[in-house]
Amino acid sequence: MSSKKTRHRAAEAAAEAAAPAVAAAPQASSRNYGIDLLRLVAMFYIVIQHIFLQGGAMYATTADSTQYHISHFLEVFTYCGANIFAIISGYVCVTEKEKPVKFASYLNLWLEILFYGLAALVFYCCMGHAGDLTRMDFYGIFLPVISSSYWYFSAYTGLFVLMPILNAGIRNSSKETLRYVFIAMILAFATISMMLKYVGVGSGYTTFWLVLLYIFGAIIKKCEIGKRIPSIVSIILILLLTYVSNKWKMKATEHTVGPLTVDKALLSKYTSITIVVIAMLHVIMFAKMRMPGWLIKFVKFAGPCSFAIYVINCQSLIWDHYFKNGFRSFGQKDTLPLLLSVFGSALLFVAGAIIVDRIRMALFKAMHVSQFTAWVEKKFRAFFGKICEVI
(Lines give C-alpha, C1' and ligand atoms only; values in the text may rest on other atoms or scores of the structure.)
Protein backbone atom coordinates (compact mmCIF):
# COMPACT_ATOMS: atom_id res chain seq x y z
CA MET A 1 0.00 0.00 0.00
CA SER A 2 1.75 3.10 -1.12
CA SER A 3 1.51 7.19 -1.30
CA LYS A 4 -1.92 8.27 -2.39
CA LYS A 5 -1.14 5.17 -3.85
CA THR A 6 0.68 4.76 -0.67
CA ARG A 7 -0.66 4.68 2.64
CA HIS A 8 -3.75 -2.14 6.01
CA ARG A 9 -6.52 -5.05 9.28
CA ALA A 10 -8.94 -6.49 10.80
CA ALA A 11 -7.07 -7.78 13.82
CA GLU A 12 -9.01 -10.75 15.07
CA ALA A 13 -9.84 -11.47 18.69
CA ALA A 14 -7.57 -13.92 20.49
CA ALA A 15 -8.58 -17.52 20.06
CA GLU A 16 -8.65 -20.42 22.40
CA ALA A 17 -7.15 -23.73 21.33
CA ALA A 18 -4.07 -25.29 22.80
CA ALA A 19 -0.97 -25.37 20.67
CA PRO A 20 0.06 -28.82 19.50
CA ALA A 21 3.05 -30.23 21.30
CA VAL A 22 4.50 -31.91 18.24
CA ALA A 23 5.99 -29.91 15.41
CA ALA A 24 3.93 -29.90 12.21
CA ALA A 25 0.99 -31.48 14.04
CA PRO A 26 -2.54 -30.57 12.92
CA GLN A 27 -4.10 -27.62 14.70
CA ALA A 28 -6.89 -28.57 17.07
CA SER A 29 -8.59 -25.16 17.01
CA SER A 30 -11.08 -24.09 14.37
CA ARG A 31 -9.07 -20.90 14.06
CA ASN A 32 -6.69 -20.91 11.12
CA TYR A 33 -3.34 -19.72 12.46
CA GLY A 34 -1.81 -20.01 8.99
CA ILE A 35 -4.08 -17.18 7.88
CA ASP A 36 -3.14 -15.16 10.98
CA LEU A 37 0.54 -15.69 10.11
CA LEU A 38 -0.14 -14.58 6.54
CA ARG A 39 -1.49 -11.27 7.83
CA LEU A 40 1.92 -10.62 9.38
CA VAL A 41 3.70 -11.77 6.22
CA ALA A 42 1.54 -9.41 4.14
CA MET A 43 2.46 -6.51 6.42
CA PHE A 44 6.13 -7.47 6.14
CA TYR A 45 5.77 -7.41 2.34
CA ILE A 46 4.18 -3.96 2.47
CA VAL A 47 6.97 -2.50 4.59
CA ILE A 48 9.59 -3.95 2.20
CA GLN A 49 7.72 -2.51 -0.77
CA HIS A 50 7.60 0.91 0.87
CA ILE A 51 11.34 0.80 1.61
CA PHE A 52 12.08 0.08 -2.05
CA LEU A 53 9.56 2.54 -3.52
CA GLN A 54 8.67 5.46 -1.25
CA GLY A 55 11.80 4.91 0.83
CA GLY A 56 13.83 5.38 -2.36
CA ALA A 57 16.10 2.32 -2.11
CA MET A 58 15.13 0.99 -5.54
CA TYR A 59 15.55 4.35 -7.27
CA ALA A 60 19.04 4.83 -5.83
CA THR A 61 20.41 1.68 -7.46
CA THR A 62 22.60 1.92 -10.55
CA ALA A 63 20.66 1.18 -13.74
CA ASP A 64 21.05 -2.38 -15.04
CA SER A 65 23.12 -3.43 -12.02
CA THR A 66 22.47 -6.60 -10.02
CA GLN A 67 21.04 -4.47 -7.22
CA TYR A 68 18.75 -2.76 -9.73
CA HIS A 69 17.28 -6.02 -11.02
CA ILE A 70 16.93 -7.59 -7.56
CA SER A 71 15.21 -4.46 -6.23
CA HIS A 72 12.69 -4.46 -9.08
CA PHE A 73 12.03 -8.19 -8.68
CA LEU A 74 11.41 -7.86 -4.93
CA GLU A 75 9.23 -4.78 -5.46
CA VAL A 76 6.97 -6.81 -7.77
CA PHE A 77 7.10 -9.85 -5.47
CA THR A 78 5.86 -7.84 -2.49
CA TYR A 79 3.18 -5.94 -4.43
CA CYS A 80 0.61 -8.58 -3.48
CA GLY A 81 0.60 -7.54 0.21
CA ALA A 82 -2.47 -5.28 0.11
CA ASN A 83 -4.38 -7.76 -2.06
CA ILE A 84 -3.58 -10.56 0.39
CA PHE A 85 -5.08 -8.58 3.24
CA ALA A 86 -8.32 -7.92 1.33
CA ILE A 87 -8.65 -11.56 0.25
CA ILE A 88 -8.13 -12.66 3.85
CA SER A 89 -11.04 -10.42 4.90
CA GLY A 90 -13.38 -12.39 2.63
CA TYR A 91 -11.82 -15.69 3.64
CA VAL A 92 -12.44 -15.22 7.38
CA CYS A 93 -15.64 -13.15 7.39
CA VAL A 94 -17.94 -15.40 5.36
CA THR A 95 -19.35 -18.27 7.45
CA GLU A 96 -21.92 -21.02 6.91
CA LYS A 97 -24.27 -19.50 9.46
CA GLU A 98 -25.32 -15.88 9.48
CA LYS A 99 -23.07 -13.80 11.69
CA PRO A 100 -23.68 -10.10 12.40
CA VAL A 101 -21.01 -7.67 11.26
CA LYS A 102 -19.87 -5.89 14.41
CA PHE A 103 -19.65 -2.11 14.22
CA ALA A 104 -17.53 -2.21 17.39
CA SER A 105 -14.72 -3.97 15.49
CA TYR A 106 -14.65 -1.14 12.94
CA LEU A 107 -14.73 1.48 15.70
CA ASN A 108 -11.79 -0.24 17.39
CA LEU A 109 -9.78 0.18 14.18
CA TRP A 110 -10.70 3.86 14.01
CA LEU A 111 -9.65 4.41 17.63
CA GLU A 112 -6.38 2.60 16.93
CA ILE A 113 -5.66 5.02 14.08
CA LEU A 114 -6.53 7.96 16.34
CA PHE A 115 -4.23 6.64 19.08
CA TYR A 116 -1.22 6.33 16.80
CA GLY A 117 -1.97 9.67 15.18
CA LEU A 118 -1.95 11.43 18.54
CA ALA A 119 1.16 9.50 19.62
CA ALA A 120 2.97 10.54 16.43
CA LEU A 121 1.82 14.13 16.97
CA VAL A 122 3.27 14.20 20.49
CA PHE A 123 6.52 12.61 19.29
CA TYR A 124 6.80 15.07 16.40
CA CYS A 125 6.28 18.05 18.71
CA CYS A 126 8.80 16.71 21.23
CA MET A 127 11.34 16.54 18.40
CA GLY A 128 10.93 20.29 17.98
CA HIS A 129 8.89 20.28 14.76
CA ALA A 130 5.59 21.66 16.07
CA GLY A 131 5.93 24.69 13.79
CA ASP A 132 5.99 22.46 10.72
CA LEU A 133 2.52 21.02 11.34
CA THR A 134 -0.16 21.78 8.75
CA ARG A 135 -3.93 21.50 8.63
CA MET A 136 -3.61 18.34 6.53
CA ASP A 137 -1.63 16.66 9.31
CA PHE A 138 -4.58 17.10 11.66
CA TYR A 139 -7.04 15.91 9.00
CA GLY A 140 -5.01 12.72 8.68
CA ILE A 141 -5.14 12.14 12.45
CA PHE A 142 -8.78 12.92 13.21
CA LEU A 143 -10.44 12.19 9.85
CA PRO A 144 -8.61 9.13 8.50
CA VAL A 145 -11.50 8.01 6.28
CA ILE A 146 -11.73 11.20 4.24
CA SER A 147 -8.01 11.97 4.19
CA SER A 148 -5.53 10.34 1.85
CA SER A 149 -3.32 9.10 4.69
CA TYR A 150 -4.86 5.62 4.84
CA TRP A 151 -6.30 4.75 1.44
CA TYR A 152 -6.89 1.14 2.45
CA PHE A 153 -8.90 2.08 5.55
CA SER A 154 -10.95 4.53 3.49
CA ALA A 155 -11.74 1.84 0.92
CA TYR A 156 -12.32 -0.74 3.66
CA THR A 157 -14.98 1.54 5.20
CA GLY A 158 -17.11 1.11 2.08
CA LEU A 159 -16.47 -2.64 2.09
CA PHE A 160 -17.48 -2.86 5.74
CA VAL A 161 -20.85 -1.29 4.96
CA LEU A 162 -21.44 -3.82 2.17
CA MET A 163 -20.27 -6.89 4.12
CA PRO A 164 -23.72 -8.05 5.33
CA ILE A 165 -25.17 -8.23 1.81
CA LEU A 166 -21.96 -9.72 0.37
CA ASN A 167 -21.90 -12.40 3.07
CA ALA A 168 -25.56 -13.25 2.54
CA GLY A 169 -25.15 -13.52 -1.21
CA ILE A 170 -22.13 -15.79 -0.97
CA ARG A 171 -23.60 -17.88 1.85
CA ASN A 172 -26.82 -18.53 -0.09
CA SER A 173 -25.13 -19.28 -3.44
CA SER A 174 -24.31 -22.83 -4.46
CA LYS A 175 -20.68 -23.90 -4.74
CA GLU A 176 -21.20 -24.59 -8.44
CA THR A 177 -22.42 -21.02 -9.04
CA LEU A 178 -19.54 -19.58 -7.03
CA ARG A 179 -16.99 -21.60 -9.00
CA TYR A 180 -18.42 -20.19 -12.24
CA VAL A 181 -18.19 -16.68 -10.78
CA PHE A 182 -14.61 -17.33 -9.65
CA ILE A 183 -13.51 -18.49 -13.11
CA ALA A 184 -15.35 -15.64 -14.84
CA MET A 185 -13.71 -13.07 -12.57
CA ILE A 186 -10.26 -14.54 -13.18
CA LEU A 187 -10.76 -14.42 -16.96
CA ALA A 188 -12.13 -10.89 -16.76
CA PHE A 189 -9.01 -9.57 -15.05
CA ALA A 190 -6.95 -9.97 -18.21
CA THR A 191 -9.18 -7.29 -19.73
CA ILE A 192 -9.93 -5.24 -16.60
CA SER A 193 -6.25 -4.45 -16.16
CA MET A 194 -6.33 -2.74 -19.54
CA MET A 195 -9.68 -0.94 -19.04
CA LEU A 196 -9.36 0.54 -15.55
CA LYS A 197 -11.06 3.83 -16.43
CA TYR A 198 -14.20 1.95 -17.50
CA VAL A 199 -14.69 -0.38 -14.53
CA GLY A 200 -14.01 1.95 -11.60
CA VAL A 201 -11.36 -0.06 -9.78
CA GLY A 202 -9.00 2.92 -9.68
CA SER A 203 -5.79 0.92 -10.01
CA GLY A 204 -6.81 -0.95 -6.87
CA TYR A 205 -7.32 1.98 -4.46
CA THR A 206 -11.12 1.80 -4.23
CA THR A 207 -13.90 0.10 -2.29
CA PHE A 208 -14.99 -1.67 -5.48
CA TRP A 209 -11.60 -3.31 -5.81
CA LEU A 210 -11.64 -4.51 -2.20
CA VAL A 211 -15.15 -5.89 -2.77
CA LEU A 212 -13.86 -7.99 -5.68
CA LEU A 213 -10.97 -9.33 -3.61
CA TYR A 214 -13.32 -9.99 -0.69
CA ILE A 215 -15.49 -12.11 -2.99
CA PHE A 216 -12.39 -14.00 -4.17
CA GLY A 217 -11.43 -14.78 -0.57
CA ALA A 218 -14.93 -15.91 0.35
CA ILE A 219 -15.17 -18.22 -2.67
CA ILE A 220 -11.72 -19.70 -1.98
CA LYS A 221 -12.91 -20.53 1.54
CA LYS A 222 -16.37 -21.87 0.72
CA CYS A 223 -15.43 -23.84 -2.40
CA GLU A 224 -12.00 -24.92 -1.11
CA ILE A 225 -10.31 -23.54 -4.21
CA GLY A 226 -6.74 -24.79 -4.56
CA LYS A 227 -7.10 -27.43 -1.87
CA ARG A 228 -5.26 -29.98 -4.00
CA ILE A 229 -2.44 -27.64 -5.04
CA PRO A 230 0.77 -28.70 -3.22
CA SER A 231 2.56 -25.87 -1.45
CA ILE A 232 5.70 -26.39 -3.53
CA VAL A 233 3.63 -25.86 -6.68
CA SER A 234 2.20 -22.65 -5.20
CA ILE A 235 5.72 -21.39 -4.46
CA ILE A 236 6.92 -22.20 -7.98
CA LEU A 237 3.89 -20.46 -9.51
CA ILE A 238 4.39 -17.40 -7.29
CA LEU A 239 8.03 -17.08 -8.38
CA LEU A 240 7.17 -17.71 -12.03
CA LEU A 241 4.38 -15.10 -12.08
CA THR A 242 6.66 -12.62 -10.30
CA TYR A 243 9.34 -13.22 -12.94
CA VAL A 244 6.85 -12.71 -15.79
CA SER A 245 5.43 -9.54 -14.20
CA ASN A 246 8.88 -8.09 -13.58
CA LYS A 247 10.10 -8.99 -17.07
CA TRP A 248 7.06 -7.28 -18.57
CA LYS A 249 7.67 -4.15 -16.48
CA MET A 250 11.31 -3.99 -17.58
CA LYS A 251 10.82 -4.73 -21.29
CA ALA A 252 7.29 -3.76 -22.39
CA THR A 253 6.38 -0.60 -24.29
CA GLU A 254 3.05 1.23 -24.17
CA HIS A 255 0.37 0.59 -26.79
CA THR A 256 -3.24 1.76 -27.02
CA VAL A 257 -5.79 -0.07 -29.14
CA GLY A 258 -9.25 1.47 -28.84
CA PRO A 259 -10.24 1.37 -25.15
CA LEU A 260 -7.39 -1.00 -24.25
CA THR A 261 -4.11 0.31 -22.87
CA VAL A 262 -1.08 -1.94 -22.61
CA ASP A 263 1.85 -0.46 -20.71
CA LYS A 264 4.79 -1.37 -18.50
CA ALA A 265 2.61 -1.51 -15.37
CA LEU A 266 0.08 -3.92 -16.89
CA LEU A 267 1.33 -6.86 -14.80
CA SER A 268 2.72 -5.00 -11.79
CA LYS A 269 -0.14 -3.19 -10.06
CA TYR A 270 -2.84 -4.25 -7.61
CA THR A 271 -5.35 -4.99 -10.39
CA SER A 272 -2.94 -7.08 -12.49
CA ILE A 273 -4.05 -10.66 -13.06
CA THR A 274 -0.59 -11.92 -12.07
CA ILE A 275 -0.53 -9.95 -8.79
CA VAL A 276 -4.05 -11.12 -7.92
CA VAL A 277 -3.19 -14.77 -8.58
CA ILE A 278 0.02 -14.43 -6.55
CA ALA A 279 -2.04 -13.11 -3.61
CA MET A 280 -4.57 -15.96 -3.94
CA LEU A 281 -1.79 -18.55 -4.03
CA HIS A 282 -0.43 -17.13 -0.78
CA VAL A 283 -3.84 -17.49 0.88
CA ILE A 284 -4.31 -21.03 -0.46
CA MET A 285 -0.85 -22.05 0.71
CA PHE A 286 -0.99 -20.52 4.20
CA ALA A 287 -4.56 -21.74 4.83
CA LYS A 288 -3.27 -25.34 4.64
CA MET A 289 -0.18 -24.70 6.74
CA ARG A 290 0.50 -26.88 9.76
CA MET A 291 2.46 -25.08 12.40
CA PRO A 292 4.57 -26.10 15.41
CA GLY A 293 3.41 -25.04 18.86
CA TRP A 294 6.04 -22.31 19.28
CA LEU A 295 4.97 -20.64 16.04
CA ILE A 296 1.30 -20.74 17.03
CA LYS A 297 2.21 -19.01 20.30
CA PHE A 298 4.07 -16.33 18.36
CA VAL A 299 1.14 -15.82 15.97
CA LYS A 300 -1.32 -15.54 18.86
CA PHE A 301 0.94 -12.87 20.37
CA ALA A 302 1.78 -10.92 17.21
CA GLY A 303 -1.21 -11.59 14.93
CA PRO A 304 -3.57 -9.03 16.50
CA CYS A 305 -0.90 -6.35 15.85
CA SER A 306 -0.92 -6.69 12.06
CA PHE A 307 -3.14 -3.63 11.52
CA ALA A 308 -0.86 -1.53 13.74
CA ILE A 309 2.11 -2.28 11.47
CA TYR A 310 0.21 -0.68 8.59
CA VAL A 311 -1.07 2.24 10.68
CA ILE A 312 2.35 3.15 12.08
CA ASN A 313 4.04 2.73 8.70
CA CYS A 314 1.53 4.98 6.92
CA GLN A 315 0.93 7.55 9.67
CA SER A 316 1.37 10.82 7.75
CA LEU A 317 3.88 12.48 10.10
CA ILE A 318 6.07 9.37 10.20
CA TRP A 319 5.59 8.75 6.49
CA ASP A 320 6.33 12.26 5.21
CA HIS A 321 9.13 13.25 7.57
CA TYR A 322 10.96 9.99 8.33
CA PHE A 323 10.05 7.20 5.91
CA LYS A 324 9.87 8.95 2.54
CA ASN A 325 13.26 8.82 0.79
CA GLY A 326 14.76 7.68 4.08
CA PHE A 327 16.33 4.54 2.63
CA ARG A 328 18.05 5.78 -0.51
CA SER A 329 21.46 4.92 0.93
CA PHE A 330 20.49 1.22 0.78
CA GLY A 331 20.40 1.36 -3.01
CA GLN A 332 24.05 2.42 -3.14
CA LYS A 333 25.24 -0.70 -1.33
CA ASP A 334 26.47 -3.99 -2.79
CA THR A 335 23.91 -6.75 -3.34
CA LEU A 336 24.21 -8.62 -0.05
CA PRO A 337 24.40 -5.50 2.17
CA LEU A 338 21.40 -4.11 0.24
CA LEU A 339 19.31 -7.20 0.96
CA LEU A 340 20.41 -7.36 4.60
CA SER A 341 19.62 -3.67 5.07
CA VAL A 342 16.16 -3.86 3.47
CA PHE A 343 15.05 -7.10 5.13
CA GLY A 344 16.68 -6.19 8.44
CA SER A 345 15.03 -2.76 8.52
CA ALA A 346 11.64 -4.23 7.62
CA LEU A 347 12.00 -6.91 10.29
CA LEU A 348 13.01 -4.38 12.95
CA PHE A 349 10.13 -2.11 11.99
CA VAL A 350 7.60 -4.96 12.19
CA ALA A 351 9.02 -6.20 15.51
CA GLY A 352 9.00 -2.68 16.95
CA ALA A 353 5.42 -2.08 15.79
CA ILE A 354 4.32 -5.36 17.41
CA ILE A 355 5.90 -4.42 20.75
CA VAL A 356 4.42 -0.92 20.64
CA ASP A 357 0.99 -2.29 19.78
CA ARG A 358 1.05 -4.80 22.62
CA ILE A 359 1.57 -1.81 24.93
CA ARG A 360 -1.29 -0.01 23.20
CA MET A 361 -3.52 -3.08 23.64
CA ALA A 362 -2.72 -3.23 27.36
CA LEU A 363 -3.52 0.47 27.67
CA PHE A 364 -6.82 0.04 25.80
CA LYS A 365 -7.69 -2.89 28.07
CA ALA A 366 -7.00 -0.82 31.17
CA MET A 367 -9.19 1.96 29.76
CA HIS A 368 -12.01 -0.51 28.95
CA VAL A 369 -12.05 0.60 25.31
CA SER A 370 -13.67 -2.63 24.11
CA GLN A 371 -16.53 -2.15 26.58
CA PHE A 372 -16.94 1.41 25.33
CA THR A 373 -17.10 0.38 21.67
CA ALA A 374 -19.56 -2.40 22.53
CA TRP A 375 -21.74 0.20 24.27
CA VAL A 376 -21.53 2.50 21.23
CA GLU A 377 -22.51 -0.39 18.96
CA LYS A 378 -25.51 -1.18 21.16
CA LYS A 379 -26.71 2.44 20.96
CA PHE A 380 -25.92 2.54 17.24
CA ARG A 381 -28.03 -0.56 16.55
CA ALA A 382 -30.91 0.79 18.65
CA PHE A 383 -30.82 4.08 16.75
CA PHE A 384 -30.78 2.41 13.36
CA GLY A 385 -33.47 0.01 14.48
CA LYS A 386 -35.80 2.94 15.07
CA ILE A 387 -34.94 4.41 11.68
CA CYS A 388 -35.70 1.07 10.01
CA GLU A 389 -39.10 0.99 11.72
CA VAL A 390 -39.89 4.42 10.27
CA ILE A 391 -38.88 3.62 6.72
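Helix α10 passes helix α11 in a left-handed crossing, a term used when the near helix is turned anticlockwise from the far one by less than a right angle. The model is predicted, with local features needing pLDDT of at least 70 and side-chain atom pairs counting only at pLDDT 80 or more, while totals for chains, interfaces and linings use all residues. Residues are numbered from 1 along each chain as its sequence is written, and side-chain values use heavy atoms, leaving out hydrogens and water. Helices here are DSSP runs (H or I, at least four residues), numbered from the N terminus.

The axes of α10 (residues 231–251) and α11 (residues 273–287) lie 9 Å apart, at an angle of about 160°. The two helices are therefore roughly antiparallel, as angles over 145 degrees count as such. Among the residues of α10 that meet α11 are Leu237, Ile238 and Leu241; their partners in α11 include Ile278 and Leu281. Contact means heavy atoms within 4.5 Å.

Turning to helix α5 (residues 135–142), the buried residues are Asp137, Gly140 and Ile141, where buried means under 20% relative accessible area and exposed over 50% (1.4 Å probe, protein chains only). Seen down the axis of α5, these residues fall within an arc of 100°, so they line one face of the helix; the arc is that of the directions from the helix axis to the C-beta atoms. Arg135 and Met136 are exposed on the other side of α5. The cover over the buried residues includes α4 (103–126) and α14 (316–323).

Serine 71, in helix α2 (residues 66–77), counts as buried because its relative accessibility is 0%.

Note on methods: Axes are lines fitted to C-alpha atoms, for helices over the stretch in contact, and angles run from 0 to 180 degrees between N-to-C directions. Angles under 35 degrees count as roughly parallel, over 145 as roughly antiparallel, 65 to 115 as roughly perpendicular and the rest as oblique.
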